[in-house]
Amino acid sequence: MGTSSAAFAWGGVGHAAVAELASRRLTPQAAATVAQVLEPGQSMASVASWPDEIRADPKATPEVKATGLWHFVRIPGSAAVYDAGQHCGPPNQPQACVVEQLERLRNDLRCAPTPQARREALMWAIHLVGDLHQPLHAYDDLRGGNDMPVVLRAHGPYCGPGCAPWPERTNLHAAWDHGLLGKLVPDHAALVARIEDGWVRTSEAQAPNLDGSTPVAWANASHALGAQVWRMTQDTQVLDDDYVRQAEPIVMRQIGLAGMRLARFINEAYASGACPRR
């Protein structure tokens with residue numbers, strides 16, 4: 001993956017849904033802190049795509065464009081699990097991958113030195129937890145599927161005004177970022193409702209500590225799902241309605257999980273006032 005649109009996971013609809021799901025699960029203390037950190041009129045959902053927007057700006061500086069490396073982790077299909085030395089940049093360095101960035105953000109959410117830095121830390125956390133739950137952001141073969149051409153030829157259960165022309169020539173990564181969602185729901189509110197009324201009510205979603213664990217564990221789980229996506233796509237470059245039906249439970253689960261885990265990530269960060277020495 002590079003620093004281009006290759007790493008725009010879930011698109012605006014998916015990222016806003018992750019943020020909305022999380023905002024409904026914040027503690028009162030965390031919700032109050034989020035409101036204080038964000039600017040008036042902003043919500044978690046409204047800023048969820050900010051990290052993609054700033055680097056897509058034609059006037060973005062080289063430093064901002066380099067943050068494209070933060071959105072994914074380069075775990076090849078041949079690897080079983082994440083290895084920091086092999087798959088990520090050095091900790092606390094600008095080129096570090098999504099796993100290390102989230103570890104940094106645990107402290108920066110409350111301990112970054114300025115209000116603007118704390119606001120940006122929150123916006124990055126909202127976005128990157130979502131990114132790490134997109135399976136192809138943790139599966140590096142063919143640049144996470146960016147170099148695998150596919151044709152999205154599904155009508156899907158939803159095909160409204162924003163539905164892409166049929167058939168749509170794209171790549172596997174882009175299909176999983178936003179193409180599949182465009183066939184499933186009209187907007188992020190509908191996506192949130194589908195997840196709240198669907199996956200959230202399953203026994204898996206009710207399991208103790210499902211919202212816990214670490215970014216390393218999330219990366220490993222997403223990598224395993226990336227391998228599943230790869231197998232689903234190996235025998236065909238045409239993503240039809242049957243493919244969308246196979247993909248839908250994975251998409252709904254991963255966005256739901258990301259929302260729950262983002263809520264806990266923020267709740268735990270804002271539950272403490274302690275900061276490490278600088």
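The model is predicted: local features need pLDDT of at least 70, side-chain atom pairs count only at pLDDT 80 or more, and totals for chains, interfaces and linings use all residues. Residues are numbered from 1 along each chain as its sequence is written, and side-chain values use heavy atoms, with hydrogens and water left out. Helices (H or I, at least four residues) and strands (E, at least two) are DSSP runs, numbered from the N terminus.

**Helix α6**

- Helix α6 covers residues 98-111, which makes 14 residues.
- From first C-alpha to last, α6 reaches 19 Å, close to the 20 Å expected at 1.5 Å a residue. The expected span is 1.5 Å times one less than the number of residues.
- At Leu-105, α6 bends by about 35°. The bend is the angle between axes fitted to the seven residues ending at a residue and the seven starting there.
- The buried residues of α6 include Val-98, Val-99, Leu-102, Leu-105 and Leu-109. Glu-100, Gln-101 and Asp-108 are also among them. Buried means under 20% relative accessible area, exposed over 50%, and partly exposed in between (1.4 Å probe, protein chains only).
- The cover over these buried residues includes α5 (84-87), α7 (115-132), α10 (215-234) and α11 (241-271).

**The sheet**

- Three strands make an open sheet, ordered β2-β1-β3, with mixed pairing.
- β2 (168-171) and β3 (238-239) stand at the edges with a single partner strand each, so one side of each has no neighbour in the sheet.
- Strand β1 (residues 149-152) runs antiparallel to β2, and four bridges join them. Two strands pair if DSSP finds at least two bridges between them.
- Val-150 lies opposite Thr-170 in β2.

**Disulfides**

- A search of the whole structure finds two disulfides. A disulfide here is a pair of cysteine sulfur atoms within 2.5 Å.
- Cys-88 and Cys-97 form one of them, with sulfur atoms 2.1 Å apart. Their link is left-handed, with -105° about the S-S bond. Cys-88 and Cys-97 are both buried.
- Cys-111 and Cys-275 form a disulfide with sulfur atoms 2.0 Å apart. This pair links distant parts of the chain: Cys-111 sits in helix α6 and Cys-275 in the segment after α11, 164 residues apart.
- The torsion about the S-S bond of Cys-111 and Cys-275 is about -90°, so this disulfide is left-handed.
- Cys-111 counts as buried, at 8% relative accessibility. Cys-275 is partly exposed, with a relative accessible area of 43%.

**Aromatic cluster**

- The count comes to three aromatic pairs. Rings of Phe, Tyr and Trp (its six-membered ring) pair if their centres lie within 6.5 Å; planes under 30 degrees apart count as stacked, over 60 as edge-to-face and the rest as tilted.
- Trp-50 and Trp-124 have ring centres 6.1 Å apart and planes at 80°, so the pair is edge-to-face. The pair links distant parts of the chain: Trp-50 is in helix α3 (residues 50-56) and Trp-124 in helix α7, 74 residues apart.
- Trp-50 is buried, with a relative accessible area of 18%. Trp-124 is buried too, at 5%.
- Trp-70 and Trp-124 have ring centres 4.6 Å apart and planes at 50°, so the pair is tilted. Trp-70 lies in the loop between α4 (62-65) and α5, 54 residues from Trp-124.
- Trp-70 counts as buried, at 13% relative accessibility.
- Trp-50, Trp-70 and Trp-124 form one aromatic cluster.

Notes. Contact means heavy atoms within 4.5 Å.
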